[in-house]
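Have the structure open while you read.

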Amino acid sequence: MRILVVILMASLGWSIGACSKANQINARSLQSAQKSVFYIKEHLALEERIPFEVAYWLLRDQIKNNDEFLQAIDGKTSKELIDLGKDNFAKRKASGDTEYAQYENWEQMISKSIQQRGVQDTADSTDPRDKKGYPRVDYKMHAM
């Protein structure tokens with residue numbers, strides 16, 4: 001009976017510990033990092049999603065080595081990752097990177113990203129070939 005209680009308490013402690021890290025990036029591998037980033041992004045407020053995503057890809061663009069990248073993001077929360085992205089942006093802007101020199105600050109880059117997303121979302125996403133009146137591929141089903 002005591003062994004059962006000890007096993008129950010250990011499993012309860014393990015599950016609480018595992019669930020408490022839901023808002024942190026699990027970077028054991030690239031696949032687990034992608035999954036946890038996707039999960040965190042889906043559970044963020046709308047105004048934090050794009051800065052989080054931009055910061056993630058900014059870091060990924062800078063750190064090409066997979067192991068170094070995974071070490072850099074492992075255990076980070078969304079706020080910590082955004083702060084890393086802001087620092088990285090400031091360093092790249094100060095070094096004269098032409099891609100980031102066009103922006104005055106981090107907020108301007110994020111607002112430009114939001115505008116680009118809006119344009120992409122409102123663009124006509126249908127294939128123009130669908131409007132040419134090609135024959136339909138669905139058939140009228142008749143009773144047999």
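## A buried charged pair

In this predicted model, the side chains of Lys41 and Glu53 come together in a salt bridge, with N and O 3.4 Å apart. The pair ties together distant parts of the chain: Lys41 sits in helix α2 (residues 30–42) and Glu53 in helix α3, twelve residues apart. Both Lys41 and Glu53 are buried.

## A charged network

The structure has five salt bridges. Another one pairs Lys64 with Asp61, whose closest N and O atoms are 3.2 Å apart. Lys64 has 59% relative accessibility, so it counts as exposed, while Asp61 is partly exposed at 31%.

Then there's Arg92 with Asp97, a salt bridge at 3.3 Å from N to O. Here Arg92 is buried, with a relative accessible area of 14%, and Asp97 is partly exposed at 22%. Salt bridges with shared partners join Asp61, Lys64, Arg92 and Asp97 into one network.

## How α3 packs on α5

Now for the helices. α3 (residues 46–62) and α5 (residues 78–94) pack at an angle of about 55°, and their axes are 8 Å apart. The two helices are therefore oblique to each other, and their crossing is left-handed.

Which residues in α3 and α5 meet? On the α3 side they include Pro51, Phe52, Tyr56, Leu59 and Asp61; among those on the α5 side are Leu81, Ile82, Leu84, Phe89 and Arg92. By class, the contact has ten nonpolar, four polar and four charged residues.

Conventions. Residues are numbered from 1 along each chain as its sequence is written. This is a predicted model: local features need pLDDT of at least 70, side-chain atom pairs count only at pLDDT 80 or more; totals for chains, interfaces and linings use all residues. Side-chain values use heavy atoms; hydrogens and water are left out. Axes are lines fitted to C-alpha atoms, for helices over the stretch in contact, and angles run from 0 to 180 degrees between N-to-C directions. Helices (H or I, at least four residues) and strands (E, at least two) are DSSP runs, numbered from the N terminus. Angles under 35 degrees count as roughly parallel, over 145 as roughly antiparallel, 65 to 115 as roughly perpendicular and the rest as oblique. A crossing is left-handed if the near helix is turned anticlockwise from the far one by less than a right angle, and right-handed if clockwise. Contact means heavy atoms within 4.5 Å. Ala, Val, Leu, Ile, Met, Phe, Trp, Tyr, Cys and Pro count as nonpolar, Asp, Glu, Lys and Arg as charged, and the others, Gly among them, as polar. A salt bridge is a side-chain nitrogen of Lys or Arg within 4 Å of a carboxyl oxygen of Asp or Glu. Buried means under 20% relative accessible area, exposed over 50%, partly exposed in between (1.4 Å probe, protein chains only).
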